[in-house]
Amino acid sequence: MTARPLLPPRGPGRRLPGKAALKLLPPPPSSSKDIAWWAMALFCANEAAFFAYLIMSYFYLGLRSPDWPPPGIEKPELKLPLIMTATLVLSSVAVWWGEHGIKRGRRGQLAAGLAAGIALGLTFLALQYREYHEKLRHFLPQTHSYPSIFYTTTGFHGAHVAFGLLMLGFVFIRALLGHFDGEEHTAVGTTSLYWHFVDCVWIAIVLSIYVSPRFY
Amino acid sequence: MTTAVERVAEAPDHERLKALWETPHTWLAWLATVDHKKLGTRYIVTAFVFFVLGGLEAALMRMQLARPGQHLLSPEAYNQIFTMHGTTMMFLFIQPVLSGFSFYLTPLMIGSRELAFPRLNSFSYYAFLLAGIFLYASFFTGQAPNGGWFNYTPLTDRTFDPGLNIDFYAIGLLFLGTSTTAGAINSIVTILKLRAPGMSIDRMPLFLWSSLTMSVSVVFAMPALNVALVLLELQRRWGFHFFDAALGGTPLLWQHLFWVFGHPWVYIVFLPATGMLSMVIPTFSRRPMVGHNFVALATVLTGLVGFGVWVHHMFATGLPQLSMSFFSGASMTVSIPSAIQIFAWIGTMWYGRVVFRTPMLFAIAFVFQFVIGGISGVMTAAVPFDFQAHDTYFVVAHLHYVLVGGSAFAVFAALYYWYPKITGRMLGETLGRTSFWVMFVGFNVAFFPMHVSGLLGMPRRVYTYLPGLGLETANMLSTIGAVIFVIGIALTLWNVIASRYDGVPAGDDPWGAGTLEWATSSPPEDYNFGHIPIISSREPLWDGGITPGPAYDEGRLTPRTSPLDAELERVIEMPEDNLWTLVLAVALLVCSAGLLVRWDALAVAGFVASLLSMARWAWPSKGHKVLETEA
């Protein structure tokens, strides 16, 4: 009579024990999402609402002002924001490519995709720093409600990019330690969902703050 | 022979499941527990502590207003007291107590062993507790929030309110918002993904429909308050311009953002109460709910319409006529889904055989008082009438009939109804009935005269009134009613404490109710269900729509099912107790305190600590309960 553990001990790189219990059951439908994915989707919805209210505040303040942006402040340039958009979109593609790889068990592809995504995300932040550096010489957030809401909205987005980069870095370290394989990669899926979301928010910001002033 | 219900409750191997799910009896384990029953109970108890504090503030105001020209409270103290009364009741009592019942009951009602994210639940609780303490710490500095719970600018700009008062409010509520949002996401995923196999969405109890609607509303409404508070702090602390007309801002932006949040919030703190009623009334009418589907739809509809009526709080701000007409009409449509619910409750009683026990008395009083609050609501939704009633005691009467006569009475119904499940003992029935009648009389004597004082022109939020305006009788009546009401509440609180020790043992299903939470023992075992039930009806305990499924005792396991049909997808492992959630909540408290006292290094330290504790929390744990078994 020997005692045997019912579940393998949990540790990095091994299958998580929930999977062992799965053998008790018929195989799950392949498309069903993990509960962590649902939570991240709802968190993104919550954050999307946050940015929606910021953008609504931008337009509300604009509608109540005779000139928007006010006299003395030029309409924002489009060139730099479009380059920034390109870096974020490419970074989303890179992360997607990495996630696509780990679904097929390719750890190298995951690590490469995450690394490229992080590098492009850092480029975005560097470009935003440059944009702020330029703009702050012309107007401060305390100058008028326009720069106040401009810096607040873009600044909060930049903070979300930074937070997304921390998450990507976290997953990157776990990927290097071999935590993920073809079956267990929940954290990769949730992080990439958040990263795509941050990307979408940027596009909404570009359209409302950078592009829309060209039409009035 | 045992029944199917008994077999669902009984574990094939009690010791084994208990070892997997129980919280050890140590102080550290007490802090680290993720058990939804323990945390739910703590939520309810903590919320009631804040209820007592908010009630004391209300009592102080009634003492001040009993007669004209009194000086019990200075005008400045009165401002702080009425602000903290509103803030406490809205944010620290009614929403958390409803969430607490939801966190306790949801897994039991859906046949699960836990909430979807037990550690997130632990974080929600600690963040709620610490944010409440943060807000109340303001009293020790003598600078409690003093801008009303709606906190209108420009009154709350630094120019007019230079102290820490408003910073306590803004930072405290941002901190509290993390708890509310986390709890809402947890509830939604639990309700959609952890229902027992077979409990398709149309078999789900109505309480869960209301808690689902409430949680979705929180996800989309809370950010509006967060944006408002962030902009306010940026303006107060760093001189940004959003709400001051001098440099392109507008005070109306605050009002829009606040009420875009605030009106959904009214339904957030009201809908779960209607859900509680839809559980209590069928049980004591001894029949299933009349119009179950319509009530579920009406609940969701109320939540949706709640996002389109915020301007009715702003009729007096001089908005365009067209806009006011639209929002007036939208506000009146709320009476349609509300009427569906009311007629469904009445229909259930009409076609049933009503048993008058304490929970049912509170439920019937809810219906009565909510109808009065609803009628005064339709009155104030009419723009011309609102011009007269705005900012008077008429509105105070209206909102208290809905939130106290409605929500709070439902909470008391829920307390009497589910207390036996939570503690294993019944609340005293005689004391309960006495308490109910005293509360019922006290509430109506306190709040009905406010309709009159409001119509006579008595303004809200003013610390006193002049003699000879005809307001003396109504105010004296209100104060007498408030005293009676407090006595009634005290009787129930005494009942809760005393019955804990000498209440009649309840048994599993003391009310003969039909829903799944009554299949567990009272109080439920650490693992809730010995066998995961398979459900095939709405009231499985009444019509036998329950079959014991597998025990899943190989680990901390619970099934995950599809969102609509509740088909089994897989069995998932639930996390174990941990302390990082508490560390995160404390780190956020440190960050909030740093922001409050404008010590940036402290705020940054708290922020970095919270990032690190989140990372530690998300890192896969090495330790794991491995069960030995005989080969």
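Is Thr153(B) buried or exposed? Thr153(B) is buried, at a relative accessible area of 4%; buried here means under 20%, exposed over 50% and partly exposed in between, with a 1.4 Å probe and protein chains only.

Okay, some housekeeping. This is a predicted model, where local features need pLDDT of at least 70, side-chain atom pairs count only at pLDDT 80 or more, and totals for chains, interfaces and linings use all residues. Residues are numbered from 1 along each chain as its sequence is written, chains are lettered from A and ligands numbered from 1 in the order written, and side-chain values use heavy atoms, leaving out hydrogens and water.

Back to our threonine. Thr153(B) sits in the loop between helix H6 (118–137) and helix H7 (165–193) of chain B. Helices (H or I, at least four residues) and strands (E, at least two) are DSSP runs, numbered from the N terminus. Leaving aside residues up to four places away in sequence, Thr153(B) touches Leu232(B), Phe243(B), Pro251(B) and Trp254(B), a contact being heavy atoms within 4.5 Å.

Now, confidence. pLDDT is the predictor's confidence in each residue, from 0 to 100. Chain B averages 94, and 98% of the residues score at least 70. For the complex, the predictor gives an ipTM of 0.95 and a pTM of 0.94.

Quickly, chain A: 6 helices and 1 strand, running β-α-α-α-α-α-α along the sequence. Of its 216 residues, 51% count as buried.
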